[in-house]
Amino acid sequence: MFPSRLSTVAVLAATYFSRGRREPMRWFRRRTAASRTFDTGHPGDDEVLSQLSKRSNLEAPRHWMHYLYCADEGSARQAESQIRSGGWAIQVVEPAAAGPGWVVIAEAHGVVMTPSAVRDARVFFEHVASSVSGGDYDGWEASL
């Protein structure tokens, strides 16, 4: 079975080149996703969206998580309150795994990733971080 398929490919290739074409045939070329560019106002966010768009459909709903670090528990609880008021769910408020401080992890399910949604979320979380002691917005991740 294999030799007959090989012969068919050889005949097709010979036919292709006998018609005067000089470029190689592209039958077995791996298709790659078109690279999209985004403008969220933050180069790191643009890159993450670009990577997500290469691996999946950005219009598919996904799980989205944001990370915020605070100096102490009181600041973390204050950030938690602001984040909940902004419509986000809280996954965790606990001491940071490495070093001093606390981490607040916010999440949303079923989110469609758009540049404007990413931009709005960054503005929101950076505002929350700037309003609490030792606040530092450490970015986000999303499911594929």
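Q: Why is Phe124 called partly exposed?
A: In this predicted model, Phe124 has a relative accessible area of 22%. Buried would require under 20% and exposed over 50%, so Phe124 at 22% is partly exposed.

Q: Where does Phe124 lie, and what does Phe124 touch?
A: Phe124 lies in helix H4. Leaving aside residues up to four places away in sequence, Phe124 touches Gln82, Ile83, Gly86 and Trp88. Tyr137 is 13 residues from Phe124 in sequence, and the C-alpha atoms of the two are 9.9 Å apart.

Q: How do you know that H4 has the span expected of its 16 residues?
A: The distance from the first C-alpha of H4 to its last is 22 Å, close to the 22 Å expected at 1.5 Å a residue.

Q: Which residues of H4 are buried?
A: Val118, Ala121, Arg122, Phe125, Val128 and Ala129 of H4 are buried.

Q: What puts these residues on the same side of H4?
A: They cover an arc of only 130° around the axis, and therefore lie on the same side of H4. The face turned away from this buried side carries the exposed residues Asp120, Val123, His127 and Ser130. The buried residues of H4 pack against H2, E1, H3, E3 and E4.

Q: How do you know that the span of H3 agrees with its 13 residues?
A: At 1.5 Å a residue, H3 should span 18 Å. Its end C-alpha atoms are 18 Å apart, so the two values agree.

Q: Which residues of H3 are buried, and what puts them on the same side?
A: Ser75, Ala76, Ala79, Glu80 and Ile83 are buried in H3. Their arc around the axis is only 140°, so they sit on the same side of H3. Elements covering these buried residues include E1, E2, E3 and H4. The exposed residues Gly74 and Ser85 are on the face of H3 turned away from the buried side.

Q: Why are E2 and E4 called edge strands?
A: The sheet is open, has four strands in the order E2-E3-E1-E4, and is paired in the antiparallel sense. E2 and E4 each pair on one side only, and are the edge strands. Neighbouring strands are turned by 15° against each other on average, with direction ignored.

Q: How do you know that E2 and E3 pair?
A: Two strands pair if there are at least two bridges between them. E2 and E3 have six bridges, in the antiparallel sense, so they count as paired. In one of these, Pro95 has Trp102 of E3 as its bridge partner. E2 and E3 also form a hairpin with six residues between them, and Gly99 in the turn has a positive phi of about 85°.

Q: How many bridges join E1 to E3, and over how many do E1 and E4 pair?
A: Eight bridges join E1 to E3, and the two strands run antiparallel. Tyr69 has Val103 in E3 as its bridge partner. E1 and E4 pair over six bridges, again in the antiparallel sense. Here Tyr67 has Gly139 in E4 as its bridge partner.

Q: What makes E1 mostly covered?
A: Seven of the nine residues of E1 are buried.

Q: Which members of the largest nonpolar core touch the most other members?
A: Among its 27 residues, these are Trp64, Leu68, Ile83, Trp88, Val104 and Met113. At least two core residues come from each of helix H2 (43-55), strand E1 (62-70), helix H3 (73-85), strand E2 (89-95), strand E3 (102-111), helix H4 (115-130) and strand E4 (136-142).

Q: What does Leu68 touch?
A: Beyond residues up to four places away in sequence, Leu68 touches Ala79, Trp102, Val103, Val104, Phe125, Val128, Ala129, Asp136 and Tyr137.

Q: Why does Glu59 count as exposed?
A: The relative accessibility of Glu59 is 63%. Exposed means over 50%, so Glu59 counts as exposed.

Q: Where is Glu59 found, and how many residues separate Glu59 and Val111 in sequence?
A: Glu59 is in the loop between H2 and E1. Glu59 and Val111 are 52 residues apart in sequence, and their C-alpha atoms are 8.8 Å apart in space.

Technical notes. Residues are numbered from 1 along each chain as its sequence is written. This is a predicted model: local features need pLDDT of at least 70, side-chain atom pairs count only at pLDDT 80 or more; totals for chains, interfaces and linings use all residues. Side-chain values use heavy atoms; hydrogens and water are left out. A nonpolar core is a set of buried Ala, Val, Leu, Ile, Met, Phe, Trp, Tyr and Cys residues joined through side-chain atoms within 4.5 Å. Buried means under 20% relative accessible area, exposed over 50%, partly exposed in between (1.4 Å probe, protein chains only). Contact means heavy atoms within 4.5 Å. Axes are lines fitted to C-alpha atoms, for helices over the stretch in contact, and angles run from 0 to 180 degrees between N-to-C directions. The expected span of a helix is 1.5 Å times one less than its number of residues. The arc is that of the directions from the helix axis to the C-beta atoms.
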